[in-house]
Amino acid sequence: MATASPGMTSSEMSCKITSSFAPGEPFARRTTLESPVAWTMGLEKSGMKSILFSVLLACSGAAIAAPTILVYGDSLSAAYGISQSAGWVALLGERLKQRKSNYTVVNASISGETSAGGATRIGAALAKAQPAIVIVELGANDGLRGLPIAQMKTNLAAIVQAAKRHGARVILVGMRLPPNYGAQYVNAFRTAFRDVAFDERVPLVPFLLEGVPNERQMFQADNLHLVAEAQPILMENVWRKLASMVIAPPK
């Protein structure tokens with residue numbers, strides 16, 4: 001992801017940019033260049049006008065950045081055991097480019113992360129990424145460790161609430177457990193994601209692995225993590241909830 005070099009922010013020409021929204025045009029921003037020196041040099045010269053216009057673009061352009069999608073998950077989103085470029089998060093970035101969306105993707109997923117760990121570091125992750133959208137994919141490790149469902153729900157809600165306070169829209173991604181964890185725990189785990197999404201009024205991807213064939217060749221040697229061939233399915237499951245947020249409708 002391209003970022004502005006610190007060197008680009010150094011100021012070698014005195015200028016002040018003021019911005020305001022034009023009356024009656026909520027999304028049209030008026031930008032004015034205020035420079036006492038520039039205005040006294042004679043704006044009637046077309047050459048000077050061109051120079052000042054270039055300065056205006058240089059000063060204002062640095063402040064414009066593409067909106068960010070923060071993927072906040074565990075090993076299923078961190079491309080564990082496969083190439084990073086083959087993971088569903090990287091494939092999502094490619095999909096955005098194909099659809100000519102101006103969003104970029106930041107992957108803050110950590111293998112082995114639990115909902116408690118995610119709740120602890122969400123503030124720092126939000127401050128660093130400054131996301132417009134957060135995709136929360138956590139909870140699988142809680143379930144595999146048999147951790148209390150109520151605490152997982154509290155942690156997930158805290159993550160979602162922190163993202164919303166930051167001004168980001170949120171998509172919650174659900175997971176499921178194999179039946180050997182017991183019907184009561186398995187059912188409570190599955191419905192926990194639905195409950196959090198309902199309470200927090202955010203879209204829910206019911207199951208990240210929905211549609212992945214239950215075949216041995218789709219899983220790595222640990223029988224938990226998916227191979228590269230399964231990653232497009234995961235991306236499509238998330239895309240169904242994300243597409244309307246990032247693709248502008250035709251005018």
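Q: What does the accessible surface of the protein chain come to?
A: Accessible areas are worked out by the Shrake-Rupley method with a 1.4 Å probe, and for residues only the protein chains shown count as cover. Here the protein chain has about 14300 Å² of accessible surface, and 58% of that belongs to carbon and sulfur atoms. Keep in mind that this is a predicted model, where local features need pLDDT of at least 70, side-chain atom pairs count only at pLDDT 80 or more, and totals for chains, interfaces and linings use all residues. Residues are numbered from 1 along each chain as its sequence is written, and side-chain values use heavy atoms, with hydrogens and water left out.

Q: How many helices and strands are in the protein chain?
A: Both are DSSP runs numbered from the N terminus: helices are H or I with at least four residues, strands are E with at least two. This protein chain has eight helices and seven strands.

Q: What share of the 251 residues is buried?
A: Buried means under 20% relative accessible area, exposed means over 50%, and partly exposed is in between (1.4 Å probe, protein chains only). In this chain, 41% of the 251 residues are buried.

Q: Why is β5 largely enclosed by the rest of the structure?
A: Five of the five residues of β5 are buried, so the rest of the structure largely encloses this strand. On one side you'll find Ile133, Ile135 and Glu137, on the other Val134 and Val136, and all are buried.

Q: Which strands pair with β5?
A: Two strands pair if DSSP finds at least two bridges between them. β3 pairs with β5 in the parallel sense over five bridges, with Val71 opposite Ile135. β6 (residues 169-173) also runs parallel to β5, joined by four bridges, and there Val136 faces Leu172.

Q: Where is the kink in helix α4 centred?
A: The bend at a residue is the angle between axes fitted to the seven residues ending there and the seven starting there. In α4 (residues 115-129), the kink is about 50 degrees and centred on Arg121. After α4 comes Gln130, with a positive phi near 50 degrees.

Q: What do the buried residues of α4 pack against?
A: A contact means heavy atoms within 4.5 Å. The buried residues of α4, including Ile122 and Leu126, pack against β3 (68-73), β4 (104-107), β5 (133-137), α5 (140-144) and α6 (149-165).
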